[in-house]
Amino acid sequence: MAVAIQLSTVLAKLAGDARELEAHGATVGEVIADLAARFPNLAPRVRDASGAPYEYVTYYLNDEDIRFLGGFAAPVADGDELTIVPAIAGG
């Protein structure tokens, strides 16, 4: 399944300044794995070493938090949109 990926500016810098990408998979986890394989600098920012989601990164599948959809096991369909939002600290 082809899924549109929306990246924040911070993450886009690790993906060749692309704010919008396309990735493939049947689940959110597979889509993230495809993205990580194609952009190795982005990989450690979107999932941990075991391939699981980070607590401090929020993933929205069609504007719904994936934590309420099954996490990385949530199924995706062609044309879905996945937005990845890392926590930003500062002050």
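**Charges and aromatic rings, term by term**

Colleague: Why does Asp34 count as partly exposed?

Modeller: Its relative accessibility is 22%. Buried means under 20% relative accessible area and exposed over 50%, with partly exposed in between (1.4 Å probe, protein chains only). Asp34 therefore counts as partly exposed. Arg38, at 39%, also counts as partly exposed.

This is a predicted model, in which local features need pLDDT of at least 70 and side-chain atom pairs count only at pLDDT 80 or more, while totals for chains, interfaces and linings use all residues. Residues are numbered from 1 along each chain as its sequence is written, and side-chain values use heavy atoms, without hydrogens and water.

Colleague: What makes the contact of Asp34 and Arg38 a salt bridge?

Modeller: The N to O distance between these side chains is 3.2 Å. A salt bridge requires a side-chain nitrogen of Lys or Arg within 4 Å of a carboxyl oxygen of Asp or Glu, so the pair qualifies. Both residues lie in helix α2 (residues 28–38), four residues apart, about one turn of the helix. Helices (H or I, at least four residues) and strands (E, at least two) are DSSP runs, numbered from the N terminus.

Colleague: How many salt bridges does a search of the whole structure find?

Modeller: The search finds two. Asp65 also forms one with Arg67, the closest N and O atoms being 2.5 Å apart. Asp65 is buried at 11% relative accessibility, whereas Arg67 is exposed at 56%.

Colleague: Why is the pair of Tyr54 and Tyr56 called stacked?

Modeller: Rings of Phe, Tyr and Trp (its six-membered ring) pair if their centres lie within 6.5 Å; planes under 30 degrees apart count as stacked, over 60 as edge-to-face and the rest as tilted. The ring centres of Tyr54 and Tyr56 are 4.8 Å apart and the planes are at 20°, so the pair is stacked. Tyr56 is partly exposed, with a relative accessible area of 46%.

Colleague: Why is the pair of Tyr59 and Phe72 called edge-to-face?

Modeller: Here the centres are 5.3 Å apart and the planes stand at 80°, so the pair is edge-to-face. Tyr59 belongs to strand β3 (residues 57–61) and Phe72 to the loop between β4 (64–65) and β5 (81–86), so the pair ties together parts that are 13 residues apart in sequence.

Colleague: How do you know that Tyr59 and Phe72 are buried?

Modeller: The relative accessible area is 2% for Tyr59 and 12% for Phe72. Both residues therefore count as buried.
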